[in-house]
Amino acid sequence: MFHRESGVFKTSYAADMALYPLPIAKWAVAAFAGLFIVIVPLTLGEYYVSILDLILIAIVGALGLNILVGYTGQISIGHGAFMSVGAYTAANLVTRLDAPFWITIPAGGLMAALIGAIVGIPSLRIKGIYLAIATLAAQLIIEWTINHVPAISGGVQASIQVPRPSFFGVQLKSQTQLYMFLMAFAVLAIIGTSNLVRSRIGRAFIAVRDQDIAAEIIGISTFRYKLLAFAISSFYAGVTGVLYTYYLGIANYEQFQITVSIDYLAMIIIGGLGSILGSIFGAAFVTLLPIVTRWFLESFGGLIFSAADLANIIPNLRLILFGGLIIFFLVVEPEGLNRLWRNIRNYFRVWPFSY
Amino acid sequence: MSKANRAILALALGAAAGLGLATSAGAQQKEVLIGMQCDRTGATQITGVVLCPAMHDYYDLINAGGGVEGYTIKADEIDNEYKVPQAVEAYQRQKQEGAVLMTLYGTPMTVALNQRLEEDKIATTSPGFGIAAAADGTRYPYLFPIAATYWSQGAAAVQFVKDKLGGNLKGKKIAYVFYDNPAGKEPMPIIEELQKREGFELRTFAVPPPGVEVGAQVLDIAQRYRPDFVIAHLFGRSPAAAIKAFKSNGYPLSKVVGLVWASSEADIDAAGGFGVAEGYHAMQFAGAGDDYPVRQQIKAMYKKAGKEPLDLMDKNTVYYNRGLLQAAIHVEGIRNALKANGGKAPTGTEIKNGFEQIRDFTLGGLVPPLEITPTDHEGGGWVQVFQVKGGKFVKETDWFRAYRDVVEHALKTAE
């Protein structure tokens, strides 16, 4: 992350493929882990921890979508619906069988993976915008099904209350406790993804993305890997849905509508397609941007507008700023925040002796 | 500017914004902070842009008159864009700032935050939306629907239809057209129960989201089913589309009653004006129109300050008056809390108890004869029906409620 080497000194494939190219990278990651796992929850107030909680949930979902869209090149507008599959699977398991979180989370993920693999079938025949429409259909079908099948939705309200998860008999209630809970899964998701994309499967995904016919010719079964990408991506989405359900204490289908799918697409496009750090950046950016623009407007808007006007202006201006900043960042760096970050790093790599 | 410089500039701006927040966060003495969530930009902004300014107006009126028992009211508004993550963030922020009373906006946000409310003991209102079961104060101690829930509205609508059709529903045909989401379906169990009791024929017509395509359903109702009365439970843009479609299919609007979110001037205007909607029945949980003293007081307050009252005040009296109702109930809850605790800064629990003592508070007829108790957070489930007549809403019934036994039974058996 923060490390900088002054040149390329690698002499073996093993060195080139290493997760940590330099020892300092390991220390930087350890320091970051220490910061976010120990220092942050102990020092920050509840409000700030709650924002981080939302980001952590978004990271898991964004990583999943990035596996599908960024690494495998298959577009999906059904991510929100896969989250709802996970959420309702977990909610039903909790309310009917009193299942603990270490069962409901994988179960929610697996159920979403199953549905995701089915929804992924059209990807074998169509690509691009056509596939987007097929996944959009999935989003609507899943929404409709949850809304109209009481056995899944738990009644007319389509919301199921779920008690917060218990860990060795301690119910995780406060924002900080939930932060640790969510952090564990976010870390698992990050480690899982970073290993996945460096494995045979990950490289097969990338080959499919770059040119699926060529990939097939070199012996990659596009059938298997496209569906696998849908399944893995949906697994992440399902887990996100379960985490969200535990975080809020309720599964409600209106939390997973099409706008959510689009928000997640925005995250990975802004963060950077096909990058893990980009998913994290994107999740943080999309979650924080409305909050930061609001702070900004509240702090300085009073200089220009009256208080009554401000109440009406802030929400609207916030949307305009949100859209404007997304355009700004994408114009500055079309490959997303991850690339922007790498550019900054490259600039400092040989700094101050650039020439 | 190089890219790195630009990034540094962005960081500096962010830091400046953070600093500004830190300086503005200082709290004053003798102040009650109300956390308001609004929707001025999201899916239901048509309501939010009127409701929220009305609430601010009422708080301003109270503060101009010396506040509540020596306390001034401070309302912190955050727009949740009808999105759950934004609502969670807004909630945490207002809680951190010390809000002891909140108003949520939107059903998904209300259900998402419900568990937190109980854990944090913050009294919260959710008038006219949220879960009908929240009327049961023993199960949802900190959530106050304060207005008729969808169950009460459904029961009242059937009663209204019964009165209109001569006091007997046996063999009559009623069509229930609803927005196909949980909120739209919520009154259905009540209406189905009443169908058994009253012996009418019922057919339901679902309008899929986003609800602007109602032509097929209305055609089906007007031409094929030909019911004796229609109960419409629609939201957003669909009430206007439905009124228009009923009109063009020649179905008399005087045989249509809309539940509370299909009942504002905005809906009538979008349908083509009051001329088009002549005869339409609109159910209300706060009085519509201008004939209430509190509205005159607000106009006088603006006049005194040398300003014009907001033009939406007269353009959309329905949502404006609902905002007044909500703000007034908040103020009464705070007043009761302060009276009970002897003037200390009230806690969420004290305000909850304050809400539960509200009765005989009508605000000149704008508020129904609410009676909020520890078990009944709905306050009785009162509604009023207005009719579109000669270019405005004309009061058609007084406050009434109906089939309480059916609604109470549903509350008891709710999961």
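# Reading a two-chain model

Visitor: What is the radius of gyration of chain B, and what would a compact globule have?
Guide: The radius of gyration is taken over C-alpha atoms, and the globule rule is 2.2 Å times the number of residues to the power 0.38. For 415 residues, a compact globule would have a radius near 22 Å, and chain B agrees, because its own value is 22 Å. The C-alpha trace of chain B spans about 70 × 60 × 50 Å along its principal axes. This is a predicted model, in which local features need pLDDT of at least 70 and side-chain atom pairs count only at pLDDT 80 or more, while totals for chains, interfaces and linings use all residues. Residues are numbered from 1 along each chain as its sequence is written, and chains are lettered from A and ligands numbered from 1 in the order in which they are written.

Visitor: How many helices and strands does chain B have?
Guide: Helices (H or I, at least four residues) and strands (E, at least two) are DSSP runs, numbered from the N terminus. Chain B has 15 helices and twelve strands.

Visitor: What share of chain B is buried?
Guide: A residue is buried if 20 or more other C-beta atoms lie within 10 Å of its own, exposed if 12 or fewer, and partly exposed in between, with C-beta atoms placed from the backbone. In chain B, 57% of the 415 residues count as buried.

Visitor: How does chain A read on these points?
Guide: Chain A comes to 15 helices and four strands. Its radius of gyration is 21 Å, close to the 20 Å of the globule rule for 355 residues, so chain A is as compact as a globular protein of that length. Buried residues make up 47% of the 355 residues in chain A.

Visitor: How many residues does each chain give to the contact between them?
Guide: Two residues are in contact if their C-beta atoms lie within 7 Å. Chain B gives 39 residues and chain A gives 40 residues. Elements of chain B with two or more residues there include α1 (3–24), α2 (45–64) and β2 (72–79). The most comes from α1(B), with ten residues. Ala, Val, Leu, Ile, Met, Phe, Trp, Tyr, Cys and Pro count as nonpolar, Asp, Glu, Lys and Arg as charged, and the others, Gly among them, as polar. On that count, the side of chain B that touches chain A has 15 nonpolar, 13 polar and eleven charged residues.

Visitor: Which way do helices α3(A) and α8(A) run, parallel or antiparallel?
Guide: Axes are lines fitted to C-alpha atoms, for helices over the stretch in contact, and angles run from 0 to 180 degrees between N-to-C directions. Angles under 35 degrees count as roughly parallel, over 145 as roughly antiparallel, 65 to 115 as roughly perpendicular and the rest as oblique. The axes of α3 (residues 46–71) and α8 (residues 175–197) of chain A come within 9 Å and cross at roughly 20 degrees. The two helices are therefore roughly parallel. Their contact has 18 nonpolar, four polar and two charged residues.

Visitor: What about α8(A) and α11(A)?
Guide: The axes of α8(A) and α11 (residues 222–248) of chain A come within 11 Å and cross at roughly 175 degrees. These helices are therefore roughly antiparallel. In α8(A), Leu178(A), Leu182(A), Phe185(A) and Ala189(A) meet Tyr236(A), Val239(A), Leu243(A) and Tyr247(A) in α11(A). The contact holds eight nonpolar residues, with no polar and no charged ones.

Visitor: Is Leu297(A) buried or exposed?
Guide: Leu297(A) counts as buried because 21 other C-beta atoms lie within 10 Å. Its place is in helix α13 (residues 276–300) of chain A. Not counting residues up to four places away in sequence, Leu297(A) touches Ile314(A), Leu317(A) and Arg318(A).
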